[in-house]
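This report describes selected features of a protein model. Please examine the structure shown below before reading on.

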Amino acid sequence: MKKEKVQIGQEGLFDARQLGVPKMLLLGLQHTFAMFGATVLVPIITGLDVSTTLLVAGLGTLLFHLIAKGRVPAFLGSSFAFLGGFAAVAPRLADGSANLEMLPYACGGVAVAGLVYVLLSLLIRAFGVDRIMRFFPPVVTGPIIISIGLILSPTAVTNASENWILALTALAVIIVCNIFGKGMIRIIPIILGIAISYIVAVCMRQVDFQPVLDAAWIGLPLHTSAMAKFDLNAVLMIVPIALATIMEHIGDMAAISATTGRNYIANPGLSRTLLGDGLATTMAGLLGGPANTTYGENTGVLAMTRIYDPRIMRIAACFAIILSFSPKVGALISTIPMAIIGGISIMLYGMISAVGVRNVVESRVDFTKSRNLVIAAVILVSALGINFATGGISFAIAGYTITLSGLAIAAILGILLNAILPGNDYVFHKEDEPVNEPEVKHVTPDQQ
């Protein structure tokens with residue numbers, strides 16, 4: 001008797017156990033690869049420890065899932081939004097080495113910034129998510145999601161330009177597997193893209209294995225000297241960044257909801273997801289790691305594979321924790337050329353923006369109304385224009401300089417315009433049931 005195979009419906013699969021344990025492990029590994037390049041890039045830039053970063057990403061993801069009742073398919077990796085804060089508090093030394101003396105104070109600022117999430121979570125719980133979400137309708141969140149992907153796009157192209165042959169090989173494999181692949185091939189295009197392009201890189205002698213030879217097999221990912229220390233100046237420099245990352249969190253939750261067809265802002269609720277993200281960031285800072293944030297790269301993988309089971313993210317978190325205890329394995333993964341990461345990112349970052357477009361379309365935002373056109377236009381231009389022109393806008397308060405990114409400014413302007421301009425008829429729906437029920441069918445090989 002032939003075994004039945006699982007066919008994924010148009011709306012995706014919410015119970016990956018139907019695929020079997022080996023396939024679930026592969027899917028989790030794929031999400032680990034998706035987050036790895038960006039997650040380790042933050043410690044490389046700031047001077048933080050890579051193993052610690054992987055550990056807090058894994059632990060933070062598990063903590064987030066625990067607080068969010070295990071319902072949201074999100075992975076928490078290193079936040080790029082806090083790079084400016086690290087540069088201000090702990091700039092690299094003249095010889096380019098990490099500022100090990102000041103990095104713990106920057107981590108202390110990150111730990112306090114996470115508590116801002118907790119405060120907002122309590123306010124939402126007290127006043128209700130419907131009142132808060134009236135300030136974040138799709139005409140605001142949609143363009144913000146689009147902007148997130150477009151702002152990341154230069155990074156993808158820059159990395160890809162290091163070797164276009166490798167980048168295009170990775171991109172081509174992903175596209176071919178995703179469009180023409182069947183069965184498991186269509187579900188793991190990212191892993192196949194990395195594996196095949198990595199083999200090409202080895203043949204082209206673009207991989208340096210010396211870091212792998214030098215690294216130890218087992219090592220502790222935590223270092224007492226790197227754990228958080230607290231200084232008021234460092235806290236005041238870094239905490240305001242949380243205002244921008246909170247907006248990114250809301251945008252990410254909207255993106256994941258739009259991708260899966262389930263309203264996670266309503267259930268388990270924005271108060272829980274903010275609380276989980278904030279506590280994960282506080283924990284990361286205390287342990288000497290960078291701030292955590294819900295990762296758009298993994299949202300892109302969700303959109304591509306249409307496997308939405310949160311268990312897959314928890315498997316990816318466990319892989320990240322395991323990798324954090326093996327410097328040699330971490331060194332091996334770090335040998336993946338950035339050009340390959342760039343080729344993959346071209347697809348994933350584009351998926352993020354495409355999800356933003358989908359959010360606007362499915363919410364039926366009426367762009368025949370001038371107010372909606374004005375809001376979307378201001379968000380897109382200010383987010384992209386300020387980010388690419390100046391990197392942000394700085395101003396001084398009580399002798400301290402605060403810098404807001406283009407995305408943060410765009411979010412603030414969008415919120416203000418939506419609140420001020422007449423015609424805000426958005427109603428936040430709090431249905432607990434899925435927006436679109438997944439269609440999962442069992443078919444025999446003869447029916448495929």
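## Salt bridge, surface patch and helix packing

In this predicted model, the count of salt bridges comes to one. The partners are Asp-309 and Arg-311, whose side chains meet at 2.7 Å, N to O. Side chains of opposite charge can pair when their charged atoms come close. The two partners may also be described by their accessibility. Asp-309 counts as buried because its relative accessibility is 2%, and buried means under 20%. Arg-311, with a relative accessible area of 27%, is partly exposed.

Val-157, Trp-164, Leu-168 and Ile-346 make a nonpolar patch of about 340 Å². One of these residues, Leu-168, belongs to helix 7, which covers residues 164-180. Leu-168 has a relative accessibility of 46% and therefore counts as partly exposed.

| Residue | Relative accessibility | Class |
|---|---|---|
| Asp-309 | 2% | buried |
| Arg-311 | 27% | partly exposed |
| Leu-168 | 46% | partly exposed |

Helix 4 spans residues 103-127 and helix 13 spans residues 265-286. Their axes are 7 Å apart, and the helices pack at an angle of about 165°. Helix 4 is therefore roughly antiparallel to helix 13, since angles over 145 degrees fall in that class. The crossing in which helix 4 passes helix 13 is left-handed.

Note on methods: Residues are numbered from 1 along each chain as its sequence is written. This is a predicted model: local features need pLDDT of at least 70, side-chain atom pairs count only at pLDDT 80 or more; totals for chains, interfaces and linings use all residues. Side-chain values use heavy atoms; hydrogens and water are left out. Patches are made of residues with over 30% relative accessible area and no salt bridge: like charges are joined within 9 Å, nonpolar side chains (Val, Leu, Ile, Met, Phe, Trp, Tyr) within 5 Å. Accessible areas come from the Shrake-Rupley method with a 1.4 Å probe; for residues, only the protein chains shown count as cover. A salt bridge is a side-chain nitrogen of Lys or Arg within 4 Å of a carboxyl oxygen of Asp or Glu. Helices (H or I, at least four residues) and strands (E, at least two) are DSSP runs, numbered from the N terminus. Buried means under 20% relative accessible area, exposed over 50%, partly exposed in between (1.4 Å probe, protein chains only). Axes are lines fitted to C-alpha atoms, for helices over the stretch in contact, and angles run from 0 to 180 degrees between N-to-C directions. Angles under 35 degrees count as roughly parallel, over 145 as roughly antiparallel, 65 to 115 as roughly perpendicular and the rest as oblique. A crossing is left-handed if the near helix is turned anticlockwise from the far one by less than a right angle, and right-handed if clockwise.
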